[in-house]
Amino acid sequence: MNKYIKYGLILGIIAIIGSAIYFYVIKPEVHDASSHQNVVYTCSMHPQIIRDKPGNCPICGMTLVKKVIDNHAIEDYNIENVIKPTDNFVVGKFQTITAIDSTLSGEINLPGTVAYDPNSAVNIAARISGRIEKIYVNFKYQRINKGQKLFDLYSPELLTEQENFIYLLSNDIDNSSIIEASKQKLLLYGMTQNQISALANSKKANPKIAIYSPSNGIVIGSETMVTPSNSAMQSMNNSTEKLELKEGNYVKKGEVVFKLVNTDKVWGVFNITQESSSFIEVNQAIKITSELNAEESIEAKINFIETQFNATDKTNRIRVYLNNNTLKLPIGLRLQGIIKTRSISGLWIQKNALVSTGNKKIVFVKSHNGFKATPVKTGFELNGYIQIIKGISVSDTIAKNAQYLIDSESFIKTE
């Protein structure tokens with residue numbers, strides 16, 4: 001009996017030990033749910049952007065929002081991270097050059113056009129009020145010669161002055177001072193010397209007086225018309241645009257009837273880039289050729305450098321005043337200006353050996369079995385060469401073509 005009790009106690013102890021082993025070994029381990037989570041920050045508009053701390057989206061600038069994810073390795077598939085090389089270093093064999101310490105000079109080619117000289121513009125104004133009976137100039141950009149008939153004017157005031165002049169000639173011929181004063185008044189009212197002589201001979205007042213042009217020029221408008229730009233002057237669509245001035249219109253004393261520009265004196269207007277502006281000075285010699293005759297050149301000097309910067313093409317303009325009496329250059333003609341630059345000493349590299357990232361200029365300096373991206377400070381650009389102020393020396397070997405060594409703008413992150 002004691003034997004069976006002993007076996008029972010042994011089996012009970014074994015069962016208790018087995019239960020304890022199952023509880024501590026077989027039963028799954030329970031963890032706090034928070035231990036499986038991690039906090040990251042992402043963009044609601046660009047979910048591919050994932051960062052481990054607050055900030056702004058590099059694409060749209062929006063504030064990154066908090067996101068809780070499972071605690072596992074996070075792989076950043078951002079394109080900037082994927083293609084970014086290590087240590088800004090490129091391994092490979094490329095053609096190389098070295099900087100040269102030399103003195104360079106050369107020529108700057110400047111594109112330009114022929115433009116009107118606004119200083120030679122002439123306003124033909126009505127010297128007396130009246131009505132236009134007949135007009136002989138109908139279109140804009142019509143060429144007018146000095147002495148050419150412009151329009152016939154009926155003016156009651158001018159008619160009265162003619163009758164006064166005739167009366168003095170007929171009844172007070174000896175009063176030469178009064179007659180001369182009356183004659184001067186007719187001249188000031190726009191009558192010519194020939195018209196006054198014909199009036200004195202016929203002693204018959206003419207109700208309509210022809211008004212003649214006092215100078216040569218091209219009509220570009222009237223009092224009510226805005227003077228167009230040079231580009232508009234060259235437009236073929238506007239070359240037959242009619243004037244707003246019509247027969248039957250009344251003009252007031254002092255009103256501008258026609259606006260003329262003279263082509264005897266013109267401007268050669270040339271565009272110059274910021275890189276070349278430091279080479280340009282007033283009174284500097286410039287050699288000009290035109291598209292009409294590239295073989296024949298015009299020797300001139302720079303007369304004016306405009307200070308206003310053109311943001312559209314990022315250039316300044318220079319003016320060359322040309323005497324067009326003999327040249328006969330048409331307005332809008334394309335020109336080519338050549339300016340010889342002064343000699344400049346310094347350290348120079350070929351233009352292809354440098355690449356610009358917007359706010360930095362980069363060259364690739366050879367180091368062991370590869371090339372290291374190195375920022376440099378540049379100066380003048382001349383004849384395909386760029387002056388180096390700081391960054392490399394003549395002992396450095398650099399890649400001949402920097403574009404071959406750069407895959408994307410994210411490649412360059414030099415400090």
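The axes of helix α3 (residues 156-171) and α5 come within 10 Å and cross at roughly 50 degrees. Here axes are lines fitted to C-alpha atoms, for helices over the stretch in contact, and angles run from 0 to 180 degrees between N-to-C directions. You are looking at a predicted model, in which local features need pLDDT of at least 70 and side-chain atom pairs count only at pLDDT 80 or more, while totals for chains, interfaces and linings use all residues. Residues are numbered from 1 along each chain as its sequence is written, and side-chain values use heavy atoms, with hydrogens and water left out.

**The chain as a whole**

- The protein chain has eight helices and 27 strands; helices (H or I, at least four residues) and strands (E, at least two) are DSSP runs, numbered from the N terminus.
- Of its 415 residues, 35% count as buried. Buried means under 20% relative accessible area, exposed means over 50%, and partly exposed is in between (1.4 Å probe, protein chains only).
- Among contacts in the protein chain with a separation of 6 or more, 72% come from residues 24 or more positions apart. A contact means heavy atoms within 4.5 Å.

- The α3 and α5 crossing is right-handed. A crossing is left-handed if the near helix is turned anticlockwise from the far one by less than a right angle, and right-handed if clockwise.
- On the α3 side the contact uses Gln-162, Phe-165, Ile-166 and Leu-169, and on the α5 side Ile-196, Leu-199 and Ala-200. By class, the residues of the contact of α3 with α5 are six nonpolar, one polar and no charged. In this scheme Ala, Val, Leu, Ile, Met, Phe, Trp, Tyr, Cys and Pro count as nonpolar, Asp, Glu, Lys and Arg as charged, and the others, Gly among them, as polar.
- Helix α4 (residues 176-188) and helix α5 (residues 193-202) have axes that come within 10 Å and cross at roughly 135 degrees, so α4 and α5 are oblique to each other. Their crossing is right-handed.
- Where α4 meets α5, Lys-183, Leu-186 and Leu-187 of α4 face Gln-193, Ile-196 and Leu-199 of α5 in contact. Those residues split into four nonpolar, one polar and one charged.
- The axes of α3 and α4 also come within 10 Å, crossing at roughly 155 degrees, so α3 and α4 are roughly antiparallel to each other. The crossing of α3 and α4 is left-handed.
- From α3, the contact with α4 draws on Leu-158, Glu-161, Gln-162, Asn-164, Phe-165, Leu-168 and Leu-169, and α4 supplies Ile-178, Ile-179, Ser-182, Lys-183, Lys-185 and Leu-186. The contact of α3 with α4 has seven nonpolar, three polar and three charged residues.

**Aromatic pairs**

- The model has four aromatic pairs. Rings of Phe, Tyr and Trp (its six-membered ring) pair if their centres lie within 6.5 Å; planes under 30 degrees apart count as stacked, over 60 as edge-to-face and the rest as tilted.
- One of them is the tilted pair of Phe-279 and Phe-380, at 5.0 Å centre to centre with 50 degrees between the planes. Phe-279 sits in the loop between α7 (274-277) and β17 (285-290), and Phe-380 in strand β25 (residues 370-382), so the pair links distant parts of the chain, 101 residues apart.
- Phe-279 is buried at 3% relative accessible area, whereas Phe-380 is partly exposed at 23%.

**Single residues worth a look**

- Ser-213 lies in the loop between β12 (208-212) and β13 (217-221) and is buried, with 3% relative accessibility. Leaving out residues up to four places away in sequence, Ser-213 touches Ile-124, Ile-144, Asn-145, Lys-146, Gly-147, Gln-148, Leu-150 and Leu-260.
- Lys-67 belongs to strand β3 (residues 65-70) and is partly exposed at 43%. Beyond its neighbours within four places in sequence, Lys-67 contacts Asn-38, Val-39, Val-40 and Thr-42.
- Lys-203, in the loop between α5 and β12, has a positive phi near 50 degrees without being a glycine. Lys-203 is partly exposed at 42% relative accessibility.

Conventions. Parallel < 35°, antiparallel > 145°, perpendicular 65-115°, else oblique.
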